Amino acid sequence: MSAQKKRNFQIEAFKHRVVVDPKYAEKTWKILEHAIHEIYNHNASGLSFEELYRNAYNMVLHKFGEKLYSGLVSTMTSHLKEIAKFIEASQGGLFLEELNRKWAEHNKALQMIRDILMYMDRTFIPSTHKTPVHELGLNLWRDHIIHCSKIHKRLQDTLLELIQLERTGEVINRGLMRNVIKMLMDLGSSVYQEDFEKPFLDVSADFYRLESQQFIECCDCGDYLKKAEKRLNEEIERVSHYLDTRSEPKLTNVVEKEMIESHMHRLVHMDNSGLVNMIVNDKYEDLGRMYNLFRRVSTGLALIRDVMTSHIREIGKQLVTDPEKLKDPVDFVQRLLDEKDKHDKIISSAFNNDKTFQNALNSSFEYFINLNPRSPEYISLFVDDKLRKGLKGVTEEDVELVLDKVMMLFRYLQEKDVFEKYYKQHLAKRLLSGKTVSDDAERSLIVKLKTECGYQFTSKLEGMFTDMKTSQDTMQGFHAAVGAEIAEGPSLTVQVLTTGSWPTQSVTTCNLPSEILGVCEKFKTYYLGTHTGRRLSWQTNMGTADVKATFGKGQKHELNVSTYQMCILMLFNNADRLSYREIEQATEIPASDLKRCLQSLACVKGKNVLRKEPMSKDIAEDDAFYFNDKFSSKFYKLKIGTVVAQKESEPEKQETRQRVEEDRKPQIEAAIVRIMKSRRVLDHNNIVTEVTKQLQSRFLPNPVVIKKRIESLIEREFLERDKIDRKLYRYLA
Amino acid sequence: MTRSFSNKLFPFALYHICTRAYLFPFIVYHKQTDQFNSQSAKMKKEDTVKLISAEGFEFIIDKKAAMVSQTIRNMLTSPGSFAETEHGEVTFPEISTTILEKICQYFYWSLQYASGKETEFHIEPEITLELMMAANYLHT
């Protein structure tokens, strides 16, 4: 072979210097065996590593590996048996220490043996699939020491007993515990789990079952949770000190199950200290603790949430249905806001701002706010109150804050269109009487409503603002044009309102005094002169007037009154006594308004510019009225408010409700047509759900009403029923 | 025995002390030797190990280098105090001086190679077999 030729050296059979004699193996093993004994007797310093290694090396090389290995096993076994006897004999408390010391020694010896037998470990063991030396040593230790009948049980009991002692507050040798448990872990995870972890978990479960039973009998909820938390932390600490970290979830699981899960319901519903009590008394710390502990249990948070929800619903229901609390709408809304703030704070400070809790809170509020059909009206009244006077002297940020809170309540409303209706009315009153405190606040709220419900919702409200603005301009123009002509007469300010943008009220004109009528006519001609094709009608029920009056002793007062009141007062320029009937005839003010006006003119103390016969609180149809000569007041300017029903009276409420229902009809119809136009064919149930979905940002349509609308649309031939399937509707283009 | 270290791959100081037959120690000079000499003066006994060949030649080398051999590493780090650990010297009655010298060279070369200097290690064909056997023994 050419390759061979190139080689300039030859491979010769290797000649060992040692002659292979039959006694060789025996002799070499004796040396090694002796060495192992010496190692176990801590006498290794005299041994030569190289020599031992060389001997083991040669034994393996000369195919005596098997002998070496079995010799090792038997030698080690006999040593371990001796050690086992020694450990068994140790007294009580020294047992663990002895075990630990022997373990450390064995480990060291094992390492030395492994080192000198390394060649066997490296070549002989893998080829014969035997257990490597180190592992062999551990296995032998496990079989002869840990699983030795006398040691096994004793070890387990000792460990568990020590842990029990520590749980009852005594100090134990944690270092020793750690070493012994580390030993179990070193012997393989199965040893740790089978011989220690499992019984340990069982004992822990028993312990905590018993303890939690004791605690729950004698502690209130807060204390119990404190104790449970302490225990849990103790166990976690225990794991970090001397147990396998993988035991932590198992151990905490046991504590959670025994201390929390099995007593969860009882804890939450505990009288005088349960969850509801904590919420009522704002115990953030306890609530936070409860949250953190219950979170560990799968159904824990759901339980807290459910109880909290039902609690909020309960108090909310009380709040919105208690007739006492419904008397003052502003106070009512304020209470709602306070309630919301309180629970928001609980969720943010104790419940980790948990989204699911926030949702639960929101849905609870949505639930009970809508229990009361007057909520939209009250919220609007609250805003009205704030915008009239409540926000005076308050910084811009605070205004925003209040408005944001109102918007939050508004979001809960299902009947947003009802709110819109009331809001429009209240806004109209505010604008016309010039009572708005801050234009910015008004506009900011409109913007908020717009972002919440869209352009459609606020377009009319914005229209009202525009009207106010253009009216100002018109008045300037009017005064510039005809100011000189009317300088003598009463001055007039007119606000031109677009029909449709403003809440329509049945026009009930009254007879204006002739002085005023003249100026009004002038304005009408001026206005129609610049804007052709428009119609003006006077809304006398919305105006105000400043009247200068001179009383008996010559003192003068300026009275700020409504248009109606002004009409009545003007009558007294020509007469001192007028009966109710005469006034009614002369002014043609609607009876209910007239009565209210007269009441505020004659019956309010300090502002009674009229005198009434007989003197009584209410206005009767046969009363007579006199100009009150003796009237006096320390103020020059006097504001005579109409006795306004701030809250709507029952019939008014009915009326508003009816108007809302009327307004909903076209909206529902429009929604149906929109849906059918895109779908062409749809069955009844689907129409109802789609319509509800489309309209829910404004209100919750009643399915019965939707059905009626569908029928009406069929009548008007927008839709038709399918000829085969009567449940289906078709869109007729 | 030749003691010309023609191999230029020796960055580390290598003491080759001949105790019996030739009684003059020698030092290999290279670029860095001065630096290493000054270092070697400070070299403590704990940092070095003496390897003794079958013929009784002593090689004093860094422990770090010696530990390239897994066997020597075990020898020096085994928890029990074996004679070798105590005295800091290891006798190899089955390794000849020539081979042990080559092995020491290899230890240093290996350290250098591991630190990123990729060079070749030259082995004379005559000693290949013996060297391989020693390598098996030393687990290198």
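The lining of the second largest cavity has 3 nonpolar, 2 polar and 1 charged residues (Ala, Val, Leu, Ile, Met, Phe, Trp, Tyr, Cys and Pro count as nonpolar, Asp, Glu, Lys and Arg as charged, and the others, Gly among them, as polar). The model is predicted: local features need pLDDT of at least 70, side-chain atom pairs count only at pLDDT 80 or more, and totals for chains, interfaces and linings use all residues. Residues are numbered from 1 along each chain as its sequence is written, chains are lettered from A and ligands numbered from 1 in the order in which they are written, and side-chain values use heavy atoms, leaving out hydrogens and water.

**Cavities**

- The structure holds 2 cavities of 30 Å³ or more; a cavity is a set of points on a 1 Å grid over the protein atoms alone where a 1.4 Å probe fits but cannot get out, and lining residues have an atom within 4 Å of a point.
- The second largest cavity has about 40 Å³ of space, a volume being the space filled by probe spheres set on the grid points, which are joined across faces, edges and corners.
- Its lining consists of A:H152, A:L155, A:Q156, A:L159, A:L184 and A:D195.
- Helix α8 (residues 149-167) of chain A gives the largest share of that lining, 4 residues; helices (H or I, at least four residues) and strands (E, at least two) are DSSP runs, numbered from the N terminus.

**Sheet β1-β2-β6 of chain A**

- In chain A, 3 strands form an open sheet in the order β1-β2-β6, with mixed pairing (two strands pair if DSSP finds at least two bridges between them).
- β1 (544-550) and β6 (637-639) of chain A are at the edges with a single partner strand each, so one side of each has no neighbour in the sheet.
- From one strand to the next, the twist averages 25°; axes are lines fitted to C-alpha atoms, for helices over the stretch in contact, and angles run from 0 to 180 degrees between N-to-C directions.
- Strand β2 (residues 556-562) of chain A runs parallel to β6(A) and is joined to it by 3 bridges; A:E558 has A:K637 in β6(A) as its bridge partner.
- Helix α25 (residues 563-571) of chain A lies across β1 and β2 of chain A, at about 130° to β2(A); contact means heavy atoms within 4.5 Å.

**Sheet β7-β9-β8 of chain A**

- Another open sheet of 3 strands in chain A has the order β7-β9-β8 and antiparallel pairing.
- Its edge strands, β7 (681-683) and β8 (719-721) of chain A, each pair on one side only.
- The twist averages 30° from one strand to the next.
- β8(A) pairs with strand β9 (residues 728-731) of chain A over 3 bridges in the antiparallel sense, and A:R721 stands opposite A:Y729 in β9(A).
- Helix α30 (residues 703-715) of chain A lies across β8 and β9 of chain A, at about 100° to β8(A).

**Interface of chains A and B**

- In this interface, 23 residues of chain B are in contact with 25 residues of chain A.
- The two chains bury about 2,300 Å² between them, 62% of it on carbon and sulfur atoms; buried area is the accessible area (1.4 Å probe) that two parts lose on being put together, summed over both.

Definitions and conventions: 1 Å grid on protein atoms, 1.4 Å probe; cavity = no way out; pocket = protein on both sides within 12 Å on 5 of 7 lines; lining within 4 Å.
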